[in-house]
Amino acid sequence: MRFLPILLAIVAFNPAIAAPKVPSAIYTDPVQDTAHPARMEVLHIPSGGALINGVAYLAAGPGPHPTIVICHGLPGNEKNLDLAQAVRRAGWNAITFNYRGSWGSPGSFRFAQNPEDAAAVLAYIRDSTNSKKLGIDTSHIVLAGHSMGGWVAAMTSANDATLRGTILISAANMGALGRMPRAEIMKEMVGDMESLFDTTPDAMTEEVVASAQAFDFIGRAEPLSRKPLLALTSDDGLAPMADALVAAVRAAGGTQVEAVHVATDHSWSDRRIRLQTEILNWLAKLK
């Protein structure tokens, strides 16, 4: 252990050994804008007869700002709020929300409703009154999703020609899940019940089995090929699902596809800075 201080000193002063550079927005607070400070707004977004809850992380400056909407997974224990903060420091607004029947949003939880809720969020922030209040550049909106939220992002983006791009983080294809043996699906659902209202593992299993074809995001490859796509995968067993979508998008003519695999777990627990870096660098390249 007596060599540890020497090793640390070498790493600190040798750029060849030091950690890779990352965007300054990850580590550096922006200059404070007293006239237009960064702030948070609680949102109540109409969707399917309910008002789902959301939070807007709004960037400093007069705006309007480019905006990223982040869809959480099942049930959504990892909400990527550090990512929301990082993109805000980089000058982007970030919108997070909870699907109907999850995490206190009114209504009953159903998989089929989740893309509807994401579309409702997009409609809400594009409304002229809301976009002006929140400082949103409605011509520069990106949709991102983690795990099941990646499926939500892909399904929603395929039906939304005006989005600037789509980000998938360790995405799960709910259509492929629905073709797995029922016992395996049930096992997944039993472990994902916290914070979900008016549903059961049986009901959730039945829904994905009955809708396996309709829920398969591979069938959305052609419309997804028309806009930039970033697919980030990890060592969680789900990478083949995203890889299949990337291949299908490229086969459909998509030329704005970037795929990155990182050796980490499903939640990117020990690669949070890497996750933010990949996304910030990709966002910076959008025209």
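Modeller: Tyr99 is buried, with a relative accessible area of 0% (buried means under 20%, exposed over 50%, partly exposed in between, with a 1.4 Å probe and protein chains only). Bear in mind that this is a predicted model, where local features need pLDDT of at least 70 and side-chain atom pairs 80 or more, while totals for chains, interfaces and linings use all residues. Residues are numbered from 1 along each chain as its sequence is written, and side-chain values use heavy atoms, leaving out hydrogens and water.

There are 3 aromatic pairs in the structure (Phe, Tyr or Trp rings, six-membered for Trp, with centres within 6.5 Å; planes under 30 degrees apart are stacked, over 60 edge-to-face, the rest tilted). One of them joins Tyr99 to Phe97, edge-to-face, at 5.4 Å centre to centre and 90 degrees between the planes. Phe97 is buried too, at 3% relative accessible area. Phe109 and Phe111 also pair edge-to-face, with 5.4 Å between centres and 80 degrees between planes, and both are buried.

Now for the strands. Phe97 falls in β4 (residues 93-97), which pairs with β3 in the parallel sense over 4 bridges (strands are DSSP E runs of at least two residues, helices H or I runs of at least four, numbered from the N terminus; pairing takes at least two DSSP bridges). Val69 stands opposite Ile95 in β4. From β3 the chain crosses through helix α3 (residues 81-89) to β4, a right-handed β-α-β crossover (clockwise from first strand over helix to second, strands pointing away from the viewer). Strand β3 (residues 65-71) is mostly covered, with 7 of its 7 residues buried.
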